[in-house]
Every structure is written in C-alpha cells, then in structure tokens.
Amino acid sequence: MSAGQLNVLLVDDESGTLRLLSQWLEGAGFSVTTASDGCQAAVAIEAACPHILLADWMMPGMDGMDLCRWLRRQETPHYVYTILFSGRSGDDDMVRGLEAGADDFLKKPVVHGELLARLQAATRVLDWEQRLRELAAADVLTGLANQRTLYECMEREWGRAKRHHYPLSCVMLDIDFFKRVNDTLGHAAGDTVIRRVATMLRENCRTSDVVSRYGGEEFCVLLPETDERNAVLWADRVRRALAATKIPVGGKEISVTASFGVAQRLDDTQSPETLVDLADQALLVAKRSGRDRVVGFQSIGQSSQLQSAAEGAAALFNHLPARTVMTTIVASLQQDEPVGRAANHFLRFRFSSAPVVDERGKLVGMLSEKDVMAIMLMPNWWSHKIKDVMKTNVVYYEEDTPALSIFEFLCRVSMRSVVIVNDGRPTGILSRGSLLRWFTNSQRNETFAGGEEPSSARGAELAPRLSAIGPRESLLLTARALSTEAAALELRLRSDDDDLVPCLVGGASRMQELVNDLLANSRYANVHDEWSGDEPNASFAGAHDMQTQRGLVGLVGNLHQVGSLDA
C-alpha cells in the first residue's frame with residue numbers, strides 16, 4: 001500500500017502541533033484528518049475509519065490511552081495502526097501504552113525523519129495485513145469471495161434491504177456433469193473450467209454484486225436491489241453465454257453448461273442462510289428437470305422444511321427402485337396437439353396434469369389444468385399448441401432411482417409428484433400419495449408378520465394396528481372388493497353409453513389400487529398361525545408380483561390406445 005492509499009487521523013489538543021504534523025504528513029502523500037481530543041477522534045473513526053491513528057497521550061477528557069482502549073473494542077473494517085506520541089519515555093509508560101493497544105511510540109518533540117520512518121513501518125504492517133485479509137476472504141483457485149465472505153456481505157446487504165425495503169436475490173449455480181470433466185480430462189482441466197466460469201460470472205456482474213465460489217463446482221451470486229424476475233433474466237443470460245463459450249483445455253476446446261436456482265428475499269424469509277437454501281432448492285429442481293436451465297423458487301412454490309426421515313422409513317425406501325412405487329401413466333400429451341384436446345383429456349381421464357412428449361415419445365414438458373385455465377380467456381384458446389403453454393421445468397427421475405432419493409426430494413419442496421422415465425420416455429408418476437400407500441402397506445406387512453407394530457411406528461402410530469385381522473382375512477376382504485369392482489365395471493360396459501373410456505379408466509384405476517394392495521400383502525399369502533419365521537414362497541410371490549404388474553401395464557396400454565382412437 002502506498003502513502004496515497006492510507007488515511008491518517010491526527011489527534012492533538014495543541015493546534016500548532018496539528019498544523020505542523022499535518023503539513024509533514026500531507027507532504028509525504030498521506031491523506032490527513034484532524035481532531036482536537038479523544039471524543040472528537042472517536043466520532044471521526046465511526047464516520048470514516050482511518051488506516052493509521054496518530055494521537056497525543058496527554059489530552060483533556062479522553063486521552064490517548066483511553067482512545068486506544070476504546071478503539072480496540074470496536075469492530076473496525078480493517079486494522080488501525082496506532083502510534084502514541086508523548087514526552088513520557090519510561091519503560092513502565094511504554095508497557096502501559098502497549099497494553100492499551102498502541103503499536104508504536106514517538107517522543108515529543110516529534111522529529112520529521114523519525115515520524116516518516118515510523119509511518120513507513122506502519123505501511124509495511126498494513127500492507128501485509130491487507131494481503132492476509134484478502135487471502136482469508138478469497139477462494140484460492142478463482143480469487144472470488146469464499147463462503148465466509150459471502151455471508152459477511154450478505155449480512156450487510158440483508159440489513160440494508162430490510163431497512164430500505166430493497167429487493168435482494170440470490171443465485172446458486174452448479175456446473176453440469178462436472179465430474180465427467182475431471183474423470184476424462186483430469187483435475188487440471190477441471191480447475192481450468194472452474195476458473196473460466198468464475199471469470200464469466202465476474203465479467204457479467206456489477207460492482208455491487210457479490211460473486212463467490214460456494215464449494216466445488218458450485219457458485220453463489222448475491223444480487224442487491226434485484227427481484228427474482230430480473231435475477232432469473234440475468235441468470236439465463238449468463239447460462240446462454242456459458243453454453244456458447246469454448247474453453248481451451250489440453251490442446252482442444254470443450255463446452256460446459258450450468259444449472260441455476262434463483263430466490264428472492266421476502267418478508268417472511270428468516271435469514272441469509274434461509275435465502276441461500278431456497279435458491280439451492282430451486283437449483284435442485286433445475287438439475288432434476290434436465291439441467292442447463294434456470295428455475296426461480298417462486299415458480300415451484302413455497303417449500304416446506306425438510307424433515308429427517310425415521311430410520312425405519314429410510315430402510316423401507318432405501319433400496320426400492322422408483323418403478324416399484326410409481327403409478328403407471330395412462331396417457332401422455334403430444335406437444336403439437338391443441339390445448340383444446342388437452343382440456344378434453346383432463347375432463348375425460350379426471351387428471352389434473354399430464355406429461356407432454358415429442359414425436360419420439362420423449363418427455364419435454366408438463367401441462368396442468370392451471371396452465372389451460374391461464375389462457376382460457378384468450379381468443380381461440382383451444383387452438384394454441386400445448387408446447388406454447390406447457391412448463392418445461394419438469395422434474396423427472398429414472399425408473400431405477402432409489403425411491404428414498406425421491407422421498408427426500410418431495411419432503412424438501414412443495415411439489416406433489418415427479419415423473420418417472422425410462423430412456424427419456426415417461427412411464428409413471430411418483431407422488432406423495434404413492435409413497436404414502438407403499439409405506440402404509442409395508443407397515444401393515446410388518447404387523448402381519450410379527451404380530452405387532454414395527455418399532456419405527458411405535459408411539460407415533462404411523463400405521464393402524466391390524467393384528468386383530470389375519471393376513472388371509474385381509475386378502476379375502478381385498479379380493480372381495482376387487483370382485484365387486486369388476487362386476488360393477490361389467491355392468492357399466494353392458495350399458496348403452498357410447499363413450500366407454502371414462503368408465504374403463506375409472507374402473508381400471510380403482511381395480512389397480514386394489515391389486516396393488518394384494519401385491520403388497522402377497523408375500524404373506526401362505527402365512528399360518530404356526531409361521532416359523534422363514535419367508536414362505538418368496539420366489540412365487542415375486543413371480544406373481546411381476547406377472548400381475550405386466551398384466552396391469554398391458555391393460556393400461558390398451559386403455560391408452562382406446563383413448564387415442566376416441567380422441
């Protein structure tokens with residue numbers, strides 16, 4: 001640091017000394033502010049903290065010693081190097097001054113050369129202090145603010161936004177498939193990619209914005225005086241610029257994309273940490289819905305707080321694939337179909353939403369009744385293409401994804417369901433209801449097998465006690481209900497109603513739920529009172545489970561064809 005970058009606060013009750021020392025300091029290039037006593041100096045420090053404090057020991061009111069003690073109790077933005085000058089030169093006086101917080105001493109009368117030499121020493125100390133502060137505040141690889149500095153800046157901006165009612169937004173972004181870069185090109189290439197992303201973020205931000213490396217390949221950007229809508233626009237502009245950038249790595253050029261989550265501070269947002277968490281939830285949705293996109297938190301609704309799953313529930317879902325728990329999709333919508341057909345689809349099948357696919361059957365979006373209602377007052381609304389109305393931020397998982405992962409996701413966000421896909425084609429929906437049904441049936445199975453509730457359900461009564469009813473009796477009740485439903489469907493099919501699709505879909509859906517109940521309890525079909533503890537006929541139960549599921553898939557496929565012909 002040069003003398004021109006340093007501010008010196010000169011404090012003395014003698015006006016002649018103030019004028020003389022000010023001339024010397026200004027002649028050496030320092031910026032000088034003066035005060036006539038300790039109290040006036042304290043006010044000046046609070047208004048604009050200096051780098052160097054040069055104060056007389058003996059002053060009326062607050063003297064130099066008291067000023068030093070007061071200064072060391074303050075939270076200053078940087079270290080203030082303090083020099084006391086006095087006619088005292090005893091060892092005891094120096095010890096007292098050092099204990100009070102002074103860094104150096106000058107003996108009166110002050111000598112010009114000695115004063116400048118002491119200030120040069122102070123400059124070296126402050127220079128190293130600044131370097132250490134920058135190292136502690138910055139990420140080593142990128143030079144961006146680190147996580148600790150981010151939260152320090154966020155606390156300051158949080159208070160300013162709260163006082164003046166300014167908007168404040170947070171953007172979390174994660175480089176897509178970054179592990180592939182490290183695995184295929186090496187960690188040095190990964191570091192190059194991270195530095196390039198950091199440079200792009202820095203180039204696209206204002207001086208008032210705070211850009212930080214949050215950890216690994218994840219970054220966080222704080223946008224003061226920016227609402228979520230404009231923050232989403234900014235993030236999408238950066239996303240497109242990053243996707244179009246060629247990054248030279250090892251003699252060739254590669255491209256990377258990133259997923260972005262955006263959240264705005266609202267009146268009920270409790271803390272800076274909460275704001276970052278909301279943006280992180282939006283980022284999670286962006287990653288799960290296909291990556292290389294921007295998702296605003298308000299577009300997915302307010303999330304509920306994630307609750308830790310009980311050990312028993314986690315054990316149930318941990319190694320269970322999504323395909324086992326999902327509800328099979330009856331029919332998907334084509335993106336080029338008119339919205340009017342989608343409206344009829346919702347009315348006929350009594351669905352509130354449906355996945356949208358392209359001509360290859362690949363998932364491209366999601367359409368809901370709410371999306372249709374949003375354009376119903378427009379002229380010729382029924383002729384609009386579904387692809388112009390649908391939402392493209394669809395959260396989907398592969399069929400072999402552990403159900404526990406989806407369970408934890410649905411606990412974190414306000415979304416009620418996700419789409420299950422196989423090679424990009426939607427095959428099912430996994431909702432909170434699907435998980436609840438499977439969980440309840442599993443609890444019931446444990447009750448049947450052990451004669452008492454599982455330990456995870458004790459006290460909380462997560463599942464009803466069914467020990468009074470044997471497994472065979474329960475299966476008989478379910479089978480009787482299934483038979484009744486099939487008979488009712490037969491009567492409806494024999495009626496003169498020309499449109500059979502609604503009764504087919506409704507009846508088949510109700511029977512499917514009953515068959516699911518049978519499947520959930522099928523492993524205990526041969527359990528008797530003298531049950532020994534070994535699982536009976538496990539292979540038969542598994543085969544029966546698979547055959548029945550295949551039959552259901554075939555039934556649903558036939559219904560889909562009927563619906564397509566009818567449309």
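The largest nonpolar core of this predicted model has 42 residues. Here a nonpolar core is a set of buried Ala, Val, Leu, Ile, Met, Phe, Trp, Tyr and Cys residues joined through side-chain atoms within 4.5 Å, and buried means under 20% relative accessible area, with exposed over 50% and partly exposed in between (1.4 Å probe, protein chains only). Inside this core, Val285, Ile406, Phe409, Val418, Ile420 and Leu430 have the most contacts. The elements giving two or more residues to the core include helix H6 (147-164), strand E6 (168-175), strand E8 (218-224), helix H16 (403-412) and strand E18 (417-422). Helix H10 (272-288) is also one of them, and H10 gives the most, with 8 residues. Helices (H or I, at least four residues) and strands (E, at least two) are DSSP runs, numbered from the N terminus.

Leaving out residues up to four places away in sequence, Leu430 touches Ala322, Val325, Met326, Ile406, Leu410, Arg416, Ser417, Val418, Ile420 and Leu435, where contact means heavy atoms within 4.5 Å. A second, separate core of 31 residues includes Leu173, Phe178, Ala198 and Phe260.

Now for the chain as a whole. The protein chain has 20 helices and 19 strands, and 44% of its 567 residues count as buried. Among contacts between residues at least 6 apart in sequence, 65% join residues at least 24 apart. The chain exposes about 29,400 Å², of which carbon and sulfur atoms supply 51%; these areas come from the Shrake-Rupley method with a 1.4 Å probe, and for residues only the protein chains shown count as cover.

Some backbone details may interest you. Most residues other than glycine have a negative phi, and most peptide bonds are trans. The peptide bond from Lys108 to Pro109 is cis, with omega near -5°, and Pro109 sits in the loop between strand E5 (104-107) and helix H5 (112-137).

Next comes a sheet. An open sheet of 3 strands has the order E14-E15-E16, with mixed pairing. Strand E14 (333-334) and strand E16 (363-368) stand at the edges with a single partner strand each, so one side of each is left without a neighbour in the sheet. Two strands pair if DSSP finds at least two bridges between them. Strand E15 (residues 353-357) and E16 run antiparallel and are joined by 5 bridges; Ser353 has Ser368 in E16 as its bridge partner.

Finally, a word on confidence. The mean pLDDT (the predictor's confidence in each residue, from 0 to 100) of the protein chain is 79, and 78% of its residues reach 70 or more. Over residues 302-312 the pLDDT is below 50, and this stretch has 18 contacts in the model beyond near neighbours in sequence. Residues 528-567 also have a pLDDT below 50, with 38 such contacts.

Residues are numbered from 1 along each chain as its sequence is written, and side-chain values use heavy atoms, with hydrogens and water left out. As this is a predicted model, local features need pLDDT of at least 70 and side-chain atom pairs count only at pLDDT 80 or more, while totals for chains, interfaces and linings use all residues.
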